[in-house]
Amino acid sequence: MGNNDYLERCTSLAILGGTFDPIHNGHLAIGEAVLHQFKPERVLFVPAGNPPHKPDKPITQAQHRYQMILHSIGNTPGLDTTRLEIDRTGISYTIDTIKSFKKICPPNCIIYFVLGQDALQAILTWKDATDLLKLCQFITIPRPGYNPELLQAQVKELEKTYGATIHILTSPLLEVSSTHIRKSIASGKPVSALMPHEAETYARKHGLYNAVMPDLSQEHFQWVKSCIKNRLTPKRFKHSMGVVIEAEKLAIHYGADINKARWAGLLHDCTKEYGADKKRVLCEQWGIEIDEIVESHIDLAHGLLGAESAKRHFYVTDEEILQAIRFHILGHKNITLLDKIIVLADFIEPYREDYYPLKEMRSLAYVDINKALSLGLSAMRDIDAARGKKLHYWSEDAITTLKGQIL
Ligand SMILES: [Fe+2]
Ligand SMILES: [Fe+2]
């Protein structure tokens, strides 16, 4: 593959553009779905040389991206790639690419251009869009959870107004993200289920995505922080950052690991805002066992889920951090200094609105952490009891442990 001589005799061709940084199983699934549904002679992966839509983002050298595609498609019938865009200087505009293929292929060759639903919606902003829409046929890939009527209406509108021919890819597709793969490789996580083995081997051999994010580094922290900011409401994100600040201070005061305290603070509520159904489904999917009390107040599972999410989504493997996240709501019998710091920081972080016994806990926090915490957990127990809620035995155990450690 990679020798494109057949194009001169080709009767139908589907062009799949993108940065492919790196190519993954989602791309290959699209290629195969297009082959199956539209039966072009070839689906051609066309890696962008200098794409107009991502000018600020550094992308991996074109030569490497091309090689990964080449290694991935191997001899798969019907799939191929070309250096057409990467060998061209200047910005890679789709209209120029299509015109190039029109010149190479016979005049009766049907050319499809494959693009995502979001790209289709923005197509009128592309260079020479009105010409482009008449130049070839389009195959659009619906985004997950799309509204079929809405997409149909958009397609009809473009067809009616601009004389375009637009098809919709109907096969269910794999959701894989190149960004996720880059981060995973960078932090030493497996990606074999997400991309072809040949491309992974190539990427690792050439150290393509290794240059970032050593575990728990400042860079790793900043990346997770931006993810958490997107995931949480502004109020919950502010609270989480408040816990980071307070946890750092407490760690300095009590001689605990400051970095671990910051990490646990940042991630402690990362699943707090998932809905009740999502929490239940994830507990099952992730094999998290929950008892009757947690089952009846599923929000209590957000510590257990948070630790799992920290591991799965943010590549935190440090067991002390995960434990502090896991037990930040309920505490537990063998509560460690880091666990105590996170529970207490959660209670007293600087943005907390006043409640009983906030003032009392703040005045004890830097005097006797055990006293401050047992006061907080006991007050929580009393509030729950007044509401007819039973205290979780982990919290009962934590209170007993803390009282035994009060100086
Ligand atoms: Fe929480
Ligand atoms: Fe919290």
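Helices (H or I, at least four residues) and strands (E, at least two) are taken as DSSP runs, numbered from the N terminus. In this predicted model, local features need pLDDT of at least 70, side-chain atom pairs count only at pLDDT 80 or more, and totals for chains, interfaces and linings use all residues. Residues are numbered from 1 along each chain as its sequence is written, while chains are lettered from A and ligands numbered from 1 in the order in which they are written.

The protein contains 19 helices and six strands. Its radius of gyration, taken over C-alpha atoms, is 27 Å, well over the 22 Å given for 407 residues by the globule rule (2.2 Å times the number of residues to the power 0.38), so the protein is more spread out than a compact globule. Along the principal axes, the C-alpha atoms fill a box of roughly 85 × 45 × 35 Å.

Domain 1 (5–205) and domain 2 (218–405) are given by the domain assignment, which is an automatic or database one. Their C-alpha centres lie 44 Å apart.

A residue is counted as buried if 20 or more other C-beta atoms, placed from the backbone, lie within 10 Å of its own, as exposed if 12 or fewer do, and as partly exposed in between. Buried residues make up 39% of the 407 residues. Of the 10 residues of helix H12 (residues 276–285), one is buried, so this helix lies largely in the open. Just after H12, Gly287 takes a positive phi of about 65 degrees.
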